[in-house]
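Here's a quick briefing for anyone meeting this structure for the first time. Have a look at it, then read on for the main points.

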Amino acid sequence: MKQIARIISIHAADTSGVCSMLYELGGMVVVHDASGCNSTYSTHDEPRWYRQDSMIYISALTEADAILGNDEKLIADVTAAAKDLSPNFIALCGAPVPLLAGTDFPTIAAEIEARTGIPAFGLHTSGMHSYLAGASEALEAVVERFCTEQLPRTDAPSVNIIGATPLDFSVNGTVESMTEWLKKSGFELVSCMAMGCTLDDIRRASAAHVNLVVSSCGIATAELLRERFGMPWVAGVPVGEKFPAVLATALKTAAETGGCALPCAARDASGPGKRLAIPGESIFSGSLARAIELDLGIPCRVLCPLEAEDRLLAPGDLRIFDEDAAAAAFAEASGVIADPMYAPVCPSDVPFHRLPHEAFSGRCYRKESLNLIDRPLPWRF
Amino acid sequence: MLKRINGEDDMTGAEIPIRDADFPLPFVSGLEYNAPARGPWNIVHTGMLVPESHQVFACAQGCLRGVILTAAEMLEMGRMSWISVDKNDFFDGSLERNIVDGTAEIIRKLPKKPRALLLFISCVHLFAGCDFDAILDELRAMFPDIDFIDCYMNPTMRKSGLTPDQLMRRQLYAPFQPCPADPKTVNLIGNDRPTDGSSELVQLIRNAGWELRDITLCKDYEDYMHMAKSSLEITYLPTAKASGDALEKRLGRKHLYLPLSYDFDEIGRNLNIMADALGTAAPDWSDAKQNAVRVLEQAKEVVGDTPVEIDYTATPRPVGLAALLAEHGFRVTRVYTDAMIEEERPAFERLRTLAPDLLLTATVHAKMRFAGKGVHEHGDVLAIGQKAAYFSGTKHFVNIVSGGGMYGFDGVARLAKRMVEAATHEQDTELVIQHKGLGCRSCL
């Protein structure tokens, strides 16, 4: 049966994806919810919460306000807080109860913008989708609103990183390593959406030659920038020793030709024989699979438990929708590289290699999270 | 920190001198911030107190995430399962069926059948008119050897009746059914940690020859079910009172609510009521009271004029505690609380006279996002409670939640000793307060 799990975790939800993506941009994010969303997000999904301020709030929705459709309270509360705190923008999103109540966030956002003069937008979260959906819509909305002018391209080849959040990359230096690798590969970084990044960086994003999409939550934004400014994008994360060079070449080619590329999915997992199973976000897992095949010669298969377009998966990759599907795929594998919270459903005779993914296990294994960027992989099979 | 955003350091609306504050709501409600102090227990922690039980949450993904990782962090994933709710479930008539089938499938997959299963539904189920009774009836028929406990994660209804925390503490004892009472047995109900054995409450019970039963002391399901046979129910936390009332009504047992207090007269009255219920003569509490005063005075010598800040997570009566400390010479400068319970009214009035400049400070107000980590330069502060520690930025704090198991005159003395300990020792505040569920195991 789908939708159940006896023992494994569940991925961070769309509301957390919104908050995580917008965290550093100086905006105010309001989740229309009673209480749990903010607590869950700030405890388990946001490693920056203690040390880095950000205006992430809940509306403290009550039963009476939900039933009576008292949107005015939300509008008034957001307006009051915005006047106190002067955010760069206001993003509104909802949890399950507003979904049932049919809360019209875009209209509420328009009203708030009219009252405050601060750019505001409503998002379509429900707490029933993964972080990727929320992060994707949030970033696309910001870029749609603030990256509107075609700036002259930089003299040197340049890149925007799109889709970086701690949910996929933790705060262990991985994102910094990606920017170093880009520099080493001859690229200038224009913006990193959205870690170590400001809203002004995003405003300047059109000056880049090409976009590097490092999580599937960045695809929609990359497509928007392609449509708006003709910027090509390349999907992949520079993990391991050989794959970073492949990715750098793809970036250069894309910049020259204007064509998009998906090196993370340039694999074939449909052949016979056992493969190393890698469950996770499609672009990162695909990149890791490609890196392992290149560096270590071990055939891999990505198991995708999250939303992903077909083009992000290779032939033979599997979508896994529940615990049973994961267990069955693990049983057929030569080994598994996965978040430790998958371990209970991995057969004891299948080697299990731990790779914490914050979007799955939160802060449980943050201490053992790995930075795999542009370096030898830590496993030997 | 607020200066970084808008150039002002204006906490208007987020703090107010007690002399000017309204009771019980000193602040206007609005957007809410969540401070990173994780010690207070949530419904998962509390539910895990039922020995040999398993929890199944049926909720949306976003709601599941927090409860699952609560269990994971406390190393109890083996006792936690989930059923995610999709919006289609509300429209295709499968809401109840998915919960029944999902729960049954989970039970069949468990390596060992639980004695009790805590089945949680959420706000959206209640909004959608989910027939929880039908779900439970069917599951009980399928698994007659398991006690199914209906539980609720419904924060949207927190102002419509019992809060989720109160509901959880009430449902913790739901399997108890009417049965003959064991003589001279008493339950302490609704606590998430044992009450200090040195407290006058526990001493009274033991010295009167009564057996004390408490879910925090139960080693197995038999121990737990024995509590159903106790002849007297005691609660002392406001969040537990509904539990005692429910047991009194369902089991026909006497329930005494003897609230945790920092007022010596009220403490004495409560203990006398307890002695009366136990059928024993109430001792003279003078020595106990004098000892509490003596230890408070010793603590004052150590703490000196260091400002003391208290928050509502440390005790349900932060205002009462502030009044006690102010009466004994401590320089209490701030109480963090978003609202006060009615029980606090006498202390509130007393404190307005004793320390009119004391600040009441919100914890959830939007501006508090920028008030953390001592950015207001509170200076050296002794905090009681994790939120007070966070907001003041101090490393000197008494790390307790919900009263910390301290009760009575003895509780006051022990708290004073904890203040001395806090004043003389530093803690890693960031590390300590981010652990979820104070007293629970943690993988962090």
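What you're looking at is a predicted model, where local features need pLDDT of at least 70, side-chain atom pairs count only at pLDDT 80 or more, and totals for chains, interfaces and linings use all residues. Residues are numbered from 1 along each chain as its sequence is written, while chains are lettered from A and ligands numbered from 1 in the order in which they are written.

**The two chains**

- Chain A has 15 helices and 14 strands, and chain B comes to 18 helices and 14 strands; here helices (H or I, at least four residues) and strands (E, at least two) are DSSP runs, numbered from the N terminus.
- Chain A has a radius of gyration of 21 Å, close to the 21 Å from the globule rule for 381 residues, so it is as compact as a globular protein of that length.
- That radius is taken over C-alpha atoms, and the globule rule is 2.2 Å times the number of residues to the power 0.38.
- For chain B, with 444 residues, a compact globule would come out near 22 Å, and the chain's 23 Å agrees with that.
- Along the principal axes, the C-alpha trace of chain A spans about 60 × 55 × 35 Å, and the C-alpha atoms of chain B fill a box of roughly 65 × 65 × 35 Å.
- Buried residues make up 62% of the 381 residues in chain A and 55% of the 444 in chain B.
- A residue counts as buried if 20 or more other C-beta atoms lie within 10 Å of its own, as exposed if 12 or fewer do, and as partly exposed in between, with C-beta atoms placed from the backbone.
- Two residues are in contact if their C-beta atoms, placed from the backbone, lie within 7 Å.
- In chain A, 71% of the contacts with a separation of 6 or more are between residues 24 or more positions apart.

**Where the chains meet**

- The contact takes 55 residues from chain A and 58 residues from chain B.
- On the chain A side, α2(A) gives the largest share, 8 residues.
- The residues on that side of chain A divide into 30 nonpolar, 19 polar and 6 charged.

**A sheet shared by both chains**

- Five strands form an open sheet with mixed pairing, in the order β1(A)-β3(B)-β2(B)-β4(B)-β5(B).
- At the edges sit β1 of chain A and β5 (147-153) of chain B, each pairing on one side only.
- β1(A) and β3 (residues 80-84) of chain B are antiparallel, joined over 2 bridges; strands count as paired if DSSP finds at least two bridges between them.
- In this pairing, A:A5 stands opposite B:W82, and A:I4 has B:I83 as its bridge partner.
- Helix α7 (residues 132-142) of chain B packs on the sheet, touching β4 (116-122) and β5 of chain B, at about 155° to β5(B).

**A sheet within chain A**

- Chain A has an open sheet of 5 strands with parallel pairing, in the order β12-β11-β10-β13-β14.
- β12 (318-319) and β14 (352-354) of chain A each have a single partner strand, so one side of each is left without a neighbour in the sheet.
- β11 (residues 300-304) of chain A runs parallel to β12(A), with 2 bridges joining them.
- Helix α14 (residues 323-331) of chain A lies across β10, β11, β12 and β13 (335-338) of chain A, at about 155° to β10(A).

**Inside: the core and a buried histidine**

- The largest nonpolar core has 284 residues, and those touching the most other members are A:L22, A:A91, A:V234, A:L251 and B:A322.
- Such a core is a set of buried Ala, Val, Leu, Ile, Met, Phe, Trp, Tyr and Cys residues joined through C-beta atoms within 7 Å.
- B:H396 lies in the loop between α16 (386-392) and β14 (397-398) of chain B, and B:H396 is buried, with 21 other C-beta atoms within 10 Å.

Technical notes:
Nonpolar A, V, L, I, M, F, W, Y, C, P; charged D, E, K, R; others polar. Axes fitted to C-alpha atoms, helices over the stretch in contact; angles between N-to-C directions.
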